[in-house]
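Open the model in your viewer and keep the selection panel at hand. We will go from one stop to the next, with a word on what to look for at each.

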Amino acid sequence: MSLLSPIKDHHAERRLFIGRAILASVVSIFLLGLVIARLVQLQVFDHELFAKKSQGNRVRIEAVPPIRGLVFDRKGRVIAENLPAYQLELIPEQVADLDDTLRRLAAINLINVDDIPRFTALSQSGQQFKPITLKFRLTDEEIANFAIQRPRFAGVDFQPRLVRHYPHGALFAHAAGYVGALNTNDVKRLDPARYAGTSHTGKTGVENSFEDKLHGDAGFRHLITNARGRQVPANTSELLESLPTDERPAPGANLHLTLDIDVQRVAFNALEGRRGAVVALDPTTGEILALVSTPSFDPNLFAVGMSTSQYSELRDSPDRPLFNRAVLGTYPPGSTIKPMLSLAALETGATNLTRKSICIGYFQLEGDDHRYRDWKPEGHGPVDLHDAIAQSCDVYFYEISGDLGIDNMHEYLTRFGLGSQTGIDVLGERPGLVPSREWKRNNFRDRDNKRWYHGETVIASIGQGFMLATPLQLASAAGTLAMRGARYRPHLVAAIEDPLSGQRELIEPEWLGDVAIANEFYWDNVLGAMHDVMQGPRGTARAVGSGAPYQMAGKSGTAQVISIAQDEEYDEDELEERLRDHALFISYAPFEDPRIAVAVIVENGSSGSGVAAPIAKAVMDEYLGYGDDATQ
Amino acid sequence: MMRLSETQRMLAHKTAPLRSFSGLVRRLNVDGPLLGGLLLICAFGLFVLYSAAGENSRLLINQAVRLGIALVAMLVVAQLPPDFLRRWTPWAYVGGLVLLILVLTKGDVGQGARRWLDIGVRFQPSEAMKLAVPMMTAWFLHDRQIPPKLGHLVVIAVLIAIPTVLIAKQPDLGTSLLIAASGIIVIILAGISFKLIFGLGALCVPGALVLWNFMQDYQKQRVLTLFNPDTDPLGAGYNIIQSKIAIGSGGLFGKGWTNGSQAHLEFLPERHTDFIFAVLGEEFGLFGVLVLLVLYMFVIGRGLYIAVEAHDTFSRLLAGSISLTFLVYVFVNTAMVTGLIPVVGVPLPLVSFGGTSMVTLMAGFGILMSIHSHRKLLPH
């Protein structure tokens, strides 16, 4: 075809091209006109909208965490405070060789080698300019040590922060609780607006239960930033002026507790680190004066952060130092329930004040050769109700248990608050258990176990078997006895204080009702018998009570950890320490005008009157003003 | 004939003393107005780039060096007479195709695409095709009847389609479409009937549907995002939203040089490359944008004038295509940054930071200059 190509008409071709070029120019102008029209739309008509948007792009709101409320004891002494502390921080993007840096920090003992993988993961996950905390509180020595070596650690520095501090260490670890670093569950649960910028939250005790009051509200400030959230210097004053005003954080409320540091310390020291708990309260109000669980731990470890090995040591210790025995530990109450059962027996007519039993050291049900033993193998001889309480005769209670019946026992013990939560103002207390026919029916599967057996009533009469109570419940019950039936909700917080105005919201004592006993005379007798436990000639705890400069009432208890086979002699020395009986004791004082009620449990303490009662007395001495300075 | 004219010209120049700047310009076969317009655009571009790159002088020097290389390329190409270019066109085209095939089989992978070829220097053969395709199309029509016959059009379509498909497979959809456009522009300038243009335009609809199926997911996403950028403000729509904020907040006269918060606070992505137009809009406002667009229009206008003044079919069609392809670059980039069309990776010519495309562009303008300065000596 190209061979036959006609002669080209250059002029016609040029004319055609000029036509096309003009057309192309028109199209060009149209297209660029389209862009210009768009620009006019954006830059003239919508200018204000986009100007506002670009302004918003430059300002980031950053949360300012509030200062956590302080915790005081009943005399205004500090239990939990916030201390400025230097913490070691690392900014990932400023560290050239992360692994090398962490290793060298470990080499000078600023961090633990075990934690290097955790820090590596942390610094790789977040925004690279955001600091991660390597150590929460540096000692003066560590600060000095690091300061000289700082040039070797680019990107690592110490920063001042407020850190929760518990000046009394282990003393209030269970009562006041502790704060710990927020975990993923906390983050899900807590209001993100209030907790923006917060690193720690209450984990246990008052710190946890009153988190809402203690925390406060986050404030915020405006930062001029770039698209990646990095703060940039505010070099344009025009921008600073147009910033919305910042909002200061609202500090958390201060808490005034009912606890008394001195009483708490005496109780703590008296337990001597054994596994046990002491709860002391004012029976007229329900104010808790001391709430101790031992062995304890240093709550500062949680506030500051500890190594994995430190934590697993605490968690895995067989003595369970993290376990708050005072409100979570449930124990067979043993003989400590005898005063309450006595009132029930008198009120229901299962016994009377003159009825006597001949205690021969054991009791047998008709048609059954099983021996229900008394704690005193040779027996107490003839005893009435008063003697049965004062000498803690088991056989007397075995004998009347049949007439009293499990349902009455359940009824009266429940009225004293056993088997249900006391309503204390810290979360998580255990309800314990007061068994009944109904409970057994609902909680056992096979037919034989659903039945209530007479033998179970017999052992229930001395607080054994299924029955379980917490030290807190026993203290509350002791207070109710002291108050002749008037019950007050036990509580730890006396007042909530606004730190700015100093205004206090007082927590009024809450009366929970009375355990109604128709005949006031029954109270006199039962409480009199409790008095004779301490100060009577044959009282089980007379060794303790006789030394007291005030009149006190009490009841010891011993709870079996294992059941002793028939005919087997109970030999304390040969028993493994952990298989020995728990020692329990409830008491109040002064007898005529009760101001303090105490419950003590010493796990595997063997003897309620011998081991637990002296602890209760030490606590009372301190509170009633007879304290021995040596216990400090 | 060719040799003779060249000798004549050189003799003439030798005898004429260099009395003025225009004399030098003429001697270097440079078109003064075109060079002036281009230099103004480049200078303005460097100015904007300095701000867009975060006042990074290293990057600025880098770009200035590239500009220098591009200008040298332009000068070199301007010395090549159009007839020489035409004779070598088929070889350049075939060579380009070979390189494209090599890229697909042996090329370096970068950012998920196979676009670079490393033969001593790393370069993109598709850049060479930006000139080779319109040259080939113009070459084909040079000896043939204008307006072209249908049979010729089929041949041209194949000539355009081969490199287009090869580049689209890299994948580099933006470049392949631009290259197809540069070829199609030649046909339109060659005077094919409007019936055919609209007919082919109508064919674009099923063509677009086929294209949609060929698109990568990210390309589909770009198209969808255009229609509603707010559906994905932090993802695919982010660029468009932020560039609209940048331009819109610039207003009439802008926030001032280096004061654009969108660019300097790093909200605007790709701010020194594909989205530099948004920085210009933010810092210099509508006024600054119009100045740049007027400069572009001047360069395009001058290119079309050179095309009209050209003395043969090849020169005319090639000059027209180069000028109008430049317009397509300008339009596609500015329309994309202002959110009129989907985001395709087309830089703002002579202003965006980047090397290879600048050399190609300037070489194209070198062809324009060659066409213009060599025209009077061609016998008619």
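Begin by selecting A:Arg484, which is partly exposed because 17 other C-beta atoms lie within 10 Å, a count between the 12 or fewer of an exposed residue and the 20 or more of a buried one. Keep in mind throughout that this is a predicted model. You will find A:Arg484 in the loop between helix 20 (471–482) and strand 16 (486–488) of chain A.

Is A:Gln503 buried or exposed? With 11 other C-beta atoms within 10 Å, A:Gln503 is exposed. Its place is in the loop between strand 17 (493–497) and strand 18 (504–506) of chain A. Show its neighbours too: leaving aside residues up to four places away in sequence, A:Gln503 touches A:Glu497 and A:Asp498.

Now switch to chain B and display it as a cartoon. Of its 380 residues, 49% are buried. Look also at how chain B is connected: among its contacts with a separation of 6 or more, 71% are between residues 24 or more positions apart.

Bring both chains into view for the next stop, the contact between them. Chain A puts 37 residues into the contact and chain B puts in 42. On the side of chain B that touches chain A, the elements giving two or more residues are helix 8 (173–189), helix 11 (238–250), helix 12 (261–264), helix 13 (276–309) and helix 14 of chain B. Which of them gives the most? Color helix 13 of chain B, which gives eleven residues. By type, this side of chain B divides into 23 nonpolar, 14 polar and five charged residues.

For the last stop, select helix 1 (residues 10–45) of chain A together with helix 14 (residues 313–337) of chain B. Their axes come within 10 Å and cross at roughly 10 degrees. Angles under 35 degrees count as roughly parallel, and the two helices are therefore roughly parallel to each other. Show side chains here: the residues making the contact include A:Phe17, A:Leu31 and A:Leu32 of helix 1 of chain A, along with B:Leu324, B:Leu327 and B:Phe331 of helix 14 of chain B. Taken as a whole, the residues of this helix pair's contact comprise ten nonpolar, four polar and two charged.

Key
Residues are numbered from 1 along each chain as its sequence is written. Chains are lettered from A and ligands numbered from 1 in the order in which they are written. This is a predicted model: local features need pLDDT of at least 70, side-chain atom pairs count only at pLDDT 80 or more; totals for chains, interfaces and linings use all residues. Axes are lines fitted to C-alpha atoms, for helices over the stretch in contact, and angles run from 0 to 180 degrees between N-to-C directions. Helices (H or I, at least four residues) and strands (E, at least two) are DSSP runs, numbered from the N terminus. Angles under 35 degrees count as roughly parallel, over 145 as roughly antiparallel, 65 to 115 as roughly perpendicular and the rest as oblique. Two residues are in contact if their C-beta atoms, placed from the backbone, lie within 7 Å. Ala, Val, Leu, Ile, Met, Phe, Trp, Tyr, Cys and Pro count as nonpolar, Asp, Glu, Lys and Arg as charged, and the others, Gly among them, as polar.
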